[in-house]
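Here are some exercises to work through with the structure open beside you. Try each task before you read its solution.

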Amino acid sequence: MPETTLEIRPGVTIPEHLVGEVRSKLAYVDELIGGAEISPAGDLIHLYLQRKPSADEIQALKEKTNRVVNLMARGVIQPKVEILEDRLDLPLPYRDDPLEALTRRHEIHQEASGVYTLGPLVTRLMDYFETRFLALANHFDAAPYRFPTLIPARYLSRVNYFRAFPHSLTFVTHLRSDLDVIDHFAAHAVADESGRINMPADTYASIETLLSPAVCYHLYFSLADRKLDSEYMVATAVGNCFRYESSNLSSLERLWNFTMREVIFVGSKEFVLENREASRQYMQTVLDEIGLAYRVESANDPFFIGEFRRQAAFQSAFQLKYEIRARLPFRESTLAVGSYNYHQDFFGRHLNISLPDGSPAHTGCTAFGLERLAFAFLAQYGLKRDDWPVAVREGAG
Ligand code: AMP
Ligand code: ZN
């Protein structure tokens, strides 16, 4: 539990629309930080520290915190939020945080921060939502794919992922193929009380592979350096995704290891945009039947500090991302349970994927976070099936 609070008045006032984004980035400022809060007016930051800092550490914390605020908030202009659907005010029967009841009933079990085992209630809900996503995929005649959980570093590097999202990467390694190293590990390795393995860093091989942060990347990588035979393609896949969120990891809302279903479009600009819009319209009916209170609004990806301002403004200006944000009544806030994305010809150019006419392919995807959708549903309707909308009761009963 954090022991000390450090109060910082940043040199730049953080505008209201950025308070959440900046707060989540403060988790990456220093390993001493266990949490952070920003006053609603954006002029005061509280860092919750794991222990009392030295004078030098306070200086460093202030300097790094101000660096984050400057880079993300100085001179920033609030983008216009575009709302495409608004069903946030739907009457709902439940107001509590479902996490407590789920834990008490052993319906979920936390293995580590952001890592959960899910029991039958949540699993059945996720399976039911999957049937609805598969119907969406069928509507577009999407070809089914299975992608690995691991992803090669060279691919992520090629699409600038390391620059855009370094904070959320999860690396994979193995023991070096050296008999002495392996024997030593086998004889002495244990996980200590903090859960860490007690071996030096040079026990492990250098990193060529990561845990995959998204599903659609695998499709684009499989099409790299190719001219497509047809003018368009639609694919679908579900996969384990990994995004390290530091002290922001909490509940089923922000997981390190989560499951994403995507429907992926590759083709001309018109093809991708038309289908992104068609999937939104299709899902509007589905979300209505599920009874979800939500809003679809323009959004941006959580780019890292130095990249944030430029990339977020770019996404907003070109209407590249919309999120389905479900209401969390217990917190009076919303949580993104899905997104409608258009990448322009970014992957087409960086991965050299061309259409039959030689032009770079455009891509887009519709992505759903299964744990988050189940969590948001339970936050709105509770754990009692009798209180659920008919479609869900029958589908996930
Ligand atoms: P994105 O590609 O960032 O739009 O992510 C697609 C969906 O995946 C989001 O709308 C969420 O539902 C889900 N998602 C993203 N990050 C997380 C996370 N850390 N924990 C749980 N679900 C997530
Ligand atoms: Zn995607």
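Before we start, a quick definition: strands here are DSSP runs of at least two residues, numbered from the N terminus. Also keep in mind that this is a predicted model.

**Exercise 1.** Find out which strand gives the most to the shell around ligand 1.

*Solution.* Start with the strands that each supply at least two residues of that shell: S13 (257-267), S16 (333-342) and S18 (362-369). Now pick the top contributor: S16, with 4 residues.

**Exercise 2.** Describe the residues around ligand 1 by class, and name the ones that come nearest.

*Solution.* First, sort the shell: you get 6 nonpolar, 3 polar and 7 charged residues. Next, look at distance. Of the 16 residues around ligand 1, the nearest are Arg243, Glu245, Leu255, Lys321 and Ser339.

**Exercise 3.** Track down polar contacts of ligand 1 with glutamate 245, leucine 255 and alanine 336. How much of the ligand does the protein bury?

*Solution.* Take the contacts one by one.

- Glutamate 245 uses its side chain: one of its N or O atoms there is 3.0 Å from a nitrogen atom of ligand 1.
- Leucine 255 uses its backbone, with a polar atom 2.9 Å from a nitrogen atom of the ligand.

Then turn to the surface: ligand 1 taken alone exposes 490 Å², and the protein buries 93% of that.

**Exercise 4.** Work out which residues coordinate the zinc ion (ligand 2), and why cysteine 216 and glutamate 262 tie together separate parts of the chain.

*Solution.* List the donors first: Cys216 (SG), Glu262 (OE) and Cys365 (SG) coordinate the zinc ion at 2.1 to 2.3 Å. Along the chain, their spacing reads C-x45-E-x102-C. Now place two of them: cysteine 216 is in helix H8 (residues 216-222) and glutamate 262 is in strand S13, so this pair links parts 46 residues apart in sequence. Are these two buried or exposed? Both cysteine 216 and glutamate 262 are buried.

Conventions: Residues numbered from 1 in each chain as written. Chains lettered and ligands numbered in written order. Predicted model: local features only at pLDDT ≥ 70, side-chain atom pairs only at ≥ 80, totals over all residues. Heavy atoms only, no water. Near = heavy atom within 4 Å. Polar contact = N/O pair within 3.5 Å; in protein donor to acceptor, adjacent residues only side chain to side chain. Areas by Shrake-Rupley, 256 points an atom, 1.4 Å probe, with all protein chains shown as cover. Nonpolar A, V, L, I, M, F, W, Y, C, P; charged D, E, K, R; others polar. Donors = N, O, S within 2.8 Å, 3.2 Å for Na, K, Ca; no water. Buried < 20%, exposed > 50% of the residue type's maximum accessible area, 1.4 Å probe, protein only.
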